[in-house]
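Take a moment with the sequence and the structure, and then we can walk through some of the details together.

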Amino acid sequence: MSKLEIRIEPATQPAPAVLPDPLGFGRHFTTRMFTRQYTAGRGWHDAVIGPYRPLALDPASQVFHCGQMIFDGTKAYARPDGNLNLFRIERNAARFNRSAARLAMPEVDIDEHVQAISELVKLEHGWVPKQDGAALYIRPVMVAVENTLEVRASRAFLHYIILSPVAPYFAGGFKPVSMLVSDDYVRTVRGGTGEAKTPGNYAGSLAGTEEAIAAGYQQVLWLDAGERRYVDEVGAMNIAFVYQGKRIRTPVLTGAILRGVTRDSLLKLAPDLGYPVTEDRIDIHEVIRDIDAGKITEAFGMGTGAVIAPVGRLGYQGRDYTFASGEPGPAARRLFKSLTDIQYGRVPDPYGWTRVIEVAAAKLNPAPARV
């Protein structure tokens with residue numbers, strides 16, 4: 001196992017006695033961050049955990065001109081015993097590397113990446129919120145920093161990690177969301193960057209999302225770019241449909257769909273809870289027919305931010321389709337509780353998904369209370 005030498009700089013201020021309220025999602029940040037540099041011929045170097053601060057980037061940095069940038073997202077969860085859980089952190093690190101490879105960026109050593117996250121989270125444990133559904137969001141990022149306007153892969157990069165105490169992604173918590181199927185826009189294409197967590201994928205989704213919001217919906221359900229017929233994913237999440245309350249069906253990964261860690265976890269968990277899973281190409285017209293026929297009884301998004309986002313209303317070609325009473329369905333409720341119980345350490349983890357960060361005995365920066 002690699003052991004990364006990290007220089008620890010003094011924090012400029014401790015964790016607050018009381019966390020901001022409301023937390024929102026990704027609006028507040030801890031006092032420390034991790035950074036390290038990459039240069040061709042030398043590799044990764046100068047790993048530091050120091051004060052959270054603005055980045056000093058040259059205006060000619062390639063991130064601004066060629067768009068070489070990736071990120072990922074995971075969380076640290078407060079356990080009942082006072083320690084913290086990291087959830088499937090190695091899988092997130094592996095996905096970070098897949099994103100890097102797709103954008104011609106250097107990979108990171110997975111053990112070193114996990115070590116950097118673990119040490120940063122342990123130092124900043126006082127920022128972990130204790131309220132129900134809240135967590136400490138972890139955002140690793142890599143950007144190209146070589147100063148040139150040439151259209152080619154950069155030779156220098158910055159890898160950094162920031163932390164943010166967050167409430168549930170949707171302000172309403174575990175409540176159904178509304179989705180509009182987009183006919184005018186596409187998110188990504190096969191052979192493109194759909195499997196990579198790169199800002200360009202999200203930038204390309206914003207116009208469609210703004211139109212959906214203006215029409216009274218919260219998210220966009222994307223269709224494939226080729227035929228605009230097959231269900232892709234929704235917003236920043238994967239999507240699943242529940243048939244007659246018993247079977248879960250989700251789009252097969254095509255290269256244009258993000259390999260969600262939450263998706264993978266739920267697809268492993270569901271059969272153990274009595275819900276067989278099918279992964280295949282899902283025609284939106286078939287979805288509409290199956291909703292009308294009562295075959296599809298639930299739908300939900302799956303992602304790190306919300307874990308599960310039940311769908312209450314689906315808009316397509318001028319008509320709305322609702323699921324049952326518009327409340328979260330029983331399958332979504334059971335899967336949400338089962339997965340979050342593992343993430344927060346409320347039940348034993350039979351899958352080996354969690355990594356415990358021991359902070360309960362720490363004397364410095366005690367965990368803040370909420371008011």
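Which strands do the buried residues of α4 pack against? They pack against β9 (177-181) and β10 (219-223). Please keep in mind that this is a predicted model. The points below begin with that helix, move on to a strand and its partners, and then turn to the pockets and to one alanine.

**Helix α4**

- Helix α4 spans residues 206-214, and its buried residues include Gly208, Thr209 and Ala212.
- These residues sit on the same side of α4 because the arc they cover around the axis is only 100 degrees.
- As a reminder, an α-helix has 3.6 residues a turn, so residues three or four places apart point the same way.
- Leu206, Glu210 and Ala214 are exposed, and they lie on the face of α4 turned away from its buried side.
- Just after the helix comes Gly216, which has a positive phi of about 100 degrees.

- Is strand β5 mostly covered or mostly open? It is mostly covered, with 5 of its 5 residues (74-78) buried.
- The burial applies to both faces: Thr74, Ala76 and Ala78 are on one side, while Lys75 and Tyr77 are on the other.
- β5 pairs with β7 (residues 135-144) in the antiparallel sense, over 3 bridges.
- It also pairs with β6 (residues 84-87), again in the antiparallel sense and over 3 bridges.
- β5 and β6 form a hairpin with 5 residues between them, and in the turn Gly82 has a positive phi of about 95 degrees.

**The largest pocket**

- How much space lies in the largest pocket? The volume is about 680 Å³.
- It is lined by 30 residues, and those closest to its centre are Arg139, Tyr169, Lys197, Tyr202 and Ala236.
- At least two lining residues come from each of β7, α4, β10, α5 (261-272) and β15 (296-303).
- Helix α4 gives the largest share of this lining, with 3 residues.
- By residue type, the lining divides into 14 nonpolar, 11 polar and 5 charged residues.

**The second largest pocket**

- The second largest pocket has a volume of about 290 Å³.
- Its lining is made of 21 residues, and Gly133, Pro168, Phe174, Ala306 and Phe336 lie nearest its centre.
- β5, β16 (307-316) and α7 (330-343) each supply at least two of the lining residues.
- Which element gives the largest share of this lining? That is β16, with 4 residues.
- The lining residues here divide into 12 nonpolar, 5 polar and 4 charged.

**Ala94**

- Ala94 belongs to helix α1, which runs over residues 89-102.
- Ala94 has a relative accessibility of 24% and therefore counts as partly exposed, as buried would call for under 20% and exposed for over 50%.
- From C-alpha to C-alpha, Ala94 is 20 Å from Tyr77 in space, and the two are 17 residues apart in sequence.

Definitions and conventions:
Residues numbered from 1 in each chain as written. Predicted model: local features only at pLDDT ≥ 70, side-chain atom pairs only at ≥ 80, totals over all residues. Heavy atoms only, no water. Buried < 20%, exposed > 50% of the residue type's maximum accessible area, 1.4 Å probe, protein only. Arc of directions from axis to C-beta. Contact = heavy atoms within 4.5 Å. Pairing = 2+ DSSP bridges. 1 Å grid on protein atoms, 1.4 Å probe; cavity = no way out; pocket = protein on both sides within 12 Å on 5 of 7 lines; lining within 4 Å. Points joined across faces, edges and corners; volume = space filled by probe spheres on them. Nonpolar A, V, L, I, M, F, W, Y, C, P; charged D, E, K, R; others polar.
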